[in-house]
Protein chains: 2
Amino acid sequence: MRVVLDAMGGDNAPQVPVRGAVQAAKELGVEVILTGKRELIEDELSKYSYSGNLIKVVDAPESISMDEQPSKALKKKNSSVHVGMSLIKNKEADAFVSAGNTGAVMAISVFSLGRLKGVERPAISTVLPNLKGHTFLLDVGANVDCKPHHLLQFAVMGEAYAKYVLGDENPRIGLLNIGEEETKGNELTKEAYKLLKKASEKGLNFVGNAEGRDIYSGDFDVIVCDGFVGNVALKLSESLAKILAKILKEEIENHFISRLGAITLKPAIKSFKKRIDYAEWGGAPLLGVKAPVIISHGSSNAKAIKNAIKVACQFAESNLNSYIEKNIEKYG
Amino acid sequence: MRVVLDAMGGDNAPQVPVRGAVQAAKELGVEVILTGKRELIEDELSKYSYSGNLIKVVDAPESISMDEQPSKALKKKNSSVHVGMSLIKNKEADAFVSAGNTGAVMAISVFSLGRLKGVERPAISTVLPNLKGHTFLLDVGANVDCKPHHLLQFAVMGEAYAKYVLGDENPRIGLLNIGEEETKGNELTKEAYKLLKKASEKGLNFVGNAEGRDIYSGDFDVIVCDGFVGNVALKLSESLAKILAKILKEEIENHFISRLGAITLKPAIKSFKKRIDYAEWGGAPLLGVKAPVIISHGSSNAKAIKNAIKVACQFAESNLNSYIEKNIEKYG
C-alpha cells in the first residue's frame, strides 16, 4: 500500500505529519509519500533516525491555509493536496490522508478523483465512541442542504464503511430524527424515511429513526443526517466532553478531600481518555469519491496521523468502493 | 401569583407534581392550582402535613398520555391541560406548568391562549449550563421546518426571556451554524443571518454565528436554531453527559487504586451534578403564546417542579410578553 500524506495539512505541519509518517513506516510498514514543500519536509525528516526506504517526498510548492475558501484552493494546482491527488490518478499511490482544510481537501478530491458511479454527493463521516463500541455518523459537514435520496446514499456508503473498515457484520442503520415514530421529523427526514424503508425491503438493514441520544447509545452502528445537523452534533460533542471534564476538575479542586483522592484516579482517567480519544480512530473518511481519502482533525497528533494512514490502507485494501457502486444501483 | 400545575403530567404523576406543589406553597408562598383527577390528587395531598390555603384542586377527568398525538390530545376538552388553560383564559390563574406530553401541551396552549401579536411560531426553549453560566437555546422541537424570519422571531423571544427571567443584562445572541463566517451555512441560516444582521442595525444584540461547540462555550447567552437541530442538540447533550459519567465510573471500577480514591470524590461529584442538573432550571418555557407556559422534563423530580413554578412566577411578573410584541414589531 502506498499512502499519500499531505505534509502541509493541520495545525502543526509539517512537524506532526512527518512524525506520523515515520511512525507509520516503522510500525505499520506502509509506504508513505509526503507531499508539500520539499525543503521543509526533508529538514523535518532529518530529525528522525528512520533509515528505511518507505518514506518518499514529492515537492508541492503551493500552500492552502486552514481557513482558505475551497474555490480558491481549487485553483492552486501545485498545492500538496493537488499534487497528492495527481499521484493517485496516475496510479502512483492508493490512498490520501490530510489533516488540512476539510472543505479544500473535499473539493479537490471530488474535482480530481471524481465521484463513484451513481453517487450524487460525497459525504464526510466520522467514527464516534459509544458505550458498546462506536457509531459511524454521516454526513458531518459536506452537504448542508440535502434531498431525501442523498440520505439514502449516505446510508449505503455508511453501511459499506462500517462493514469493510470498522468490522461491523451487519451494521444497523438509523436516520437521525426527533422521534422514534415513522411520522416524526421535518420534510427531509419524513421523505428519507420512506426511501430507507423501501430500501430495507430490498435488503438494507435500516432499523428506523435514531434520536440525538442514540448517537451515543450504541443501538445504531451507522446514523445518517444532513451535513448541517451532523456538523452541529459533532462540534457539540467534542466541546461538551471537554467542558464536562473541566467542570469536574474545577469541582475536584474546590473540595480539599477530593483533591487528595484525585491522584488515585489517574489510571482511570487515562483509560477514560483513551476510550473517547479521536486519535484512536484516525480521522474522517470522505466517502463517494473514486479513491480512499481520510481527513484527520486539524489538531491531530502523530498517533492520529498514523492511525489515519492505517485506516486509509484498510479502506484501499477492501473493495468498499465497488460495493458502494453496486448498492447505490440496487437501492437507488 | 396563581400558577396552574398539571397534576397528571410527567412520568410519576400525580405523586411528583403534588409534592412539587407542596414545596412551592411552603417555600415560595405561591398559590398552586392542581388540575387533574380530583380523587387521585386529594389522596396524594393527604400524605403531606400541609395545612395552608395556597393549594387548590380543580377536577379534570380526562387523561393525556405521554406519547399521545397532539391532534388527539386537542380533542380532550376535560384534560388537566385544557382545564388549566381555561383557568388562565378566565383570569383565574396567571401561568401554567406541566411535566407532561410536550407536543400536547404546546398544541393546547397555542389553541387555547393564542399567539402573541406578530409571533408566527411559538418556540420551545431550554436553559443549558455552560462554564460561565447558562445558554438559552431555542427552538428545541416545536418547529422542525423553519423560514428565516422564524429564526429572527426566536432571537427576539430568546433575548426577552434571557433579559427578564434569566437576568442577562444585554444578552449576546448567536445563530447556530456550521462556521463563524457570514457566508457559511445552509439556505435557512444564510438568509436568517441577513435578517439578524439587519435587526442588529436597529438595536438587536446579534453577535454572529455560533457553532455546535458554542452551545457550551459561554460566548453566547441566546442561540437560535430550527427545532430539528435544537432537538437533536438537546437530546445529544443529555445523553452524552450521562454516558461520559458512566464511562468514567466503569474505568474507576476497573482500576483498584482509583476505586480507593473514588470515595473522596463524592463532594466534588455532588457539586458537579448540581451544576449540570436540569432540575435547577425548572423547565422549558414555551415562548410566543399569550401567557407563561413552562414545560418541565417528563422525569422531573419535585424540586424541578418547584423551580418550574418559581420560573413561571418570574415570567408572569415580568412584562416579557409585551416586550416581545413590541420588539417583533420593531425588528420584524
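The questions and answers below take up these topics in turn.

Tutor: This is a predicted model, in which local features need pLDDT of at least 70 and side-chain atom pairs count only at pLDDT 80 or more, whereas totals for chains, interfaces and linings use all residues. Residues are numbered from 1 along each chain as its sequence is written, chains are lettered from A and ligands numbered from 1 in the order in which they are written, and side-chain values use heavy atoms, with hydrogens and water left out.

Student: How much area do chain B and chain A bury between them?

Tutor: Taking contact as heavy atoms within 4.5 Å, 50 residues of chain B touch 50 residues of chain A. Buried area is the accessible area (1.4 Å probe) that two parts lose on being put together, summed over both, and 73% of it lies here on carbon and sulfur atoms. The total between the two chains is about 5100 Å².

Student: Which residues of chain B lose the most area to chain A?

Tutor: Three residues head this list, and together they account for 13% of what the chain B side buries. They are Ile178(B), Phe228(B) and Leu236(B).

Student: In the salt bridge of Lys235(A) with Glu211(B), how far apart are the closest N and O atoms?

Tutor: A salt bridge requires a side-chain nitrogen of Lys or Arg within 4 Å of a carboxyl oxygen of Asp or Glu, and by that rule 2 of them cross the interface of chain B and chain A. For Lys235(A) and Glu211(B), the closest N and O atoms are separated by 2.4 Å.

Student: Which helix supplies the largest share of the side of chain B that touches chain A?

Tutor: Helices and strands are DSSP runs (helices H or I, at least four residues; strands E, at least two), numbered from the N terminus. H7, helix H8 (227-254), helix H9 (256-262) and helix H10 (266-276) of chain B each give at least two residues to that side. The largest share, 19 residues, belongs to H8(B).

Student: What is the volume of the largest cavity?

Tutor: On a 1 Å grid over the protein atoms alone, a cavity is a set of points where a 1.4 Å probe fits but cannot get out, and lining residues have an atom within 4 Å of a point. Grid points are joined across faces, edges and corners, and a volume is the space filled by probe spheres set on the points. The largest cavity is lined by 13 residues, with Asp6(A), Ile64(A), Ser80(A), Val81(A) and Asn101(A) nearest its centre. Its volume is about 80 Å³.

Student: How much space lies in the second largest pocket?

Tutor: A pocket, unlike a cavity, is an open set with protein on both sides within 12 Å along at least five of seven lines. The second largest pocket is lined by 24 residues, and among those closest to its centre are Asp145(A), Glu187(A), Asp145(B) and Glu187(B). The space in this pocket is about 650 Å³.

Student: Which peptide bond of chain A is cis, with omega near 0°?

Tutor: Most peptide bonds are trans. In chain A, Pro14(A) lies in the loop between strand S1 (2-6) and helix H1 (15-28), and in chain B the bond from Ala13(B) to Pro14(B) is cis. For chain A, the cis bond runs from Ala13(A) to Pro14(A).
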